[in-house]
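These are my notebook entries on one structure. I set down what I looked up, entry by entry.

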Amino acid sequence: MESSHGNPLDLDRCISGFDKVVRVLLGEPVARRPSPGEGASEDNLDHATRRHAAALMRVNHCGEVCAQALYQGQALASSNEMVRKALDQAASEESDHLAWSAERVRELGGQLSVLNPLWYAGSFALGYVAGRLGEDWNLGFLAETERQVEEHLQGHLGRLGDRDAKTRAVIEGMRQEEAEHRRTAERLGARELPDAARRAMRLAARVMTTLSYRI
Ligand SMILES: [Fe+2]
Ligand SMILES: [Fe+2]
């Protein structure tokens, strides 16, 4: 097994990677932990409020599709066992986020983004490139991604109605875990990304969030 970690394009890893792609894009995600929204109330939301909340959760679901792809690309390219373990742990929590956000979109009567395969492919490529740049850059990219996701989720809390306690609970639960992912990456030696890279990431995220709010 050890030797397979040295070769990023090992066949077993490619097959299990492909299996993961199919599950993220076509499968019905199943969470291992209960959603933080479980038991929270909805307080008779009107149609417009539900539509807006469904669109925000579609954006978040799309972000989680990207997270799956990024982590997968990064783990595939990384040859450091400790980093791979941290990536796997975070990826398993991201799988729950994927399931929680998909469930909430559907509960609110919305649909998942039709552009998910596109975001998946782009994020996978980005993650792979980051993984090949070396562990400190790989972790730096991860930490910056999580930081931007945290800010973005915080922004969504501001845009949601106070009465939608259920959606708020899901977003807050995810936000706390994204913060933990960032701290883990920083502990493991994340390097601070150059300003230009951070700005480019923000721009890419804006394109993704604007489009997936609508489709
Ligand atoms: Fe997440
Ligand atoms: Fe995360």
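**Entry 1: the iron ion (ligand 2)**

I looked up the spacing of the donor residues of the iron ion (ligand 2) and found E-x51-E-x31-E-x2-H in sequence. The model is a predicted one, in which local features need pLDDT of at least 70 and side-chain atom pairs count only at pLDDT 80 or more, while totals for chains, interfaces and linings use all residues. Residues are numbered from 1 along each chain as its sequence is written, chains are lettered from A and ligands numbered from 1 in the order in which they are written, and side-chain values use heavy atoms, with hydrogens and water left out.

I then listed the protein donors of the iron ion (ligand 2): Glu94 (OE), Glu146 (OE), Glu146 (OE), Glu178 (OE) and His181 (ND1), which lie 1.8 to 2.3 Å from it. For the term, I noted that donors are N, O and S atoms within 2.8 Å of the metal (3.2 Å for Na, K and Ca), and that sites may look incomplete because water is not among the atoms.

I asked how far apart Glu178 and His181 are in helix α7. Glu178 and His181 are separated by about one helical turn, because they are three residues apart in that helix. Helices (H or I, at least four residues) and strands (E, at least two) are DSSP runs, numbered from the N terminus. I recorded both Glu178 and His181 as buried. Buried means under 20% relative accessible area, exposed means over 50%, and partly exposed lies in between (1.4 Å probe, protein chains only).

Distant parts of the chain are linked by the pair His97, in helix α4 (residues 81-107), and Glu178, in helix α7, which are 81 residues apart. I noted that His97 and Glu178 are both buried.

Which residue bridges the two iron ions? I found that Glu94 bridges the iron ion (ligand 2) and the iron ion (ligand 1), and that the ions lie 4.0 Å apart.

**Entry 2: the largest pocket**

I looked up the largest pocket next and recorded about 970 Å³ of space in it. Of the 41 residues that line this pocket, the closest to its centre are Thr145, Gln148, Met201, Ala204 and Ala205. On a 1 Å grid over the protein atoms alone, a pocket is an open set of points where a 1.4 Å probe fits, with protein on both sides within 12 Å along at least five of seven lines; lining residues have an atom within 4 Å of a point.

I asked which helix gives the largest share of the lining. The largest share, 10 residues, comes from α6. The helices α3 (47-77), α5 (116-132), α6 (135-159), α7 (165-187) and α8 (195-214) each supply at least two lining residues. By class, I recorded 25 nonpolar, nine polar and seven charged residues in the lining.

I located Arg175 in helix α7. The side chains of Arg175 and Glu172 are joined by a polar contact of 3.0 Å. Setting aside residues up to four places away in sequence, Arg175 touches Glu150, Leu153 and Gln154; contact means heavy atoms within 4.5 Å.

I located Ser212 in helix α8. Is Ser212 buried or exposed? Ser212 has a relative accessible area of 0%, and therefore counts as buried. The side chain of Ser212 reaches the backbone oxygen of Met208 at 2.8 Å. Not counting residues up to four places away in sequence, Ser212 touches Ala55, Arg58, Val59, Cys62 and Ser113.

I found Ala99 in helix α4, and it counts as buried because its relative accessibility is 7%. Beyond its neighbours within four places in sequence, Ala99 is in contact with Pro29, Val30 and Ala31. Pro29 is in the loop between α2 (11-26) and α3. With residues up to four places away in sequence left out, Pro29 touches Leu98, Ala99 and Ala102.

Lastly, I placed Gly134 in the loop between α5 and α6. Gly134 counts as partly exposed because its relative accessibility is 24%.

Methods
Grid points are joined across faces, edges and corners, and a volume is the space filled by probe spheres set on the points. Ala, Val, Leu, Ile, Met, Phe, Trp, Tyr, Cys and Pro count as nonpolar, Asp, Glu, Lys and Arg as charged, and the others, Gly among them, as polar. A polar contact is a pair of N or O atoms within 3.5 Å; within protein, one must be able to donate a hydrogen and the other to accept it, and residues adjacent in sequence count only if both atoms are side-chain atoms.
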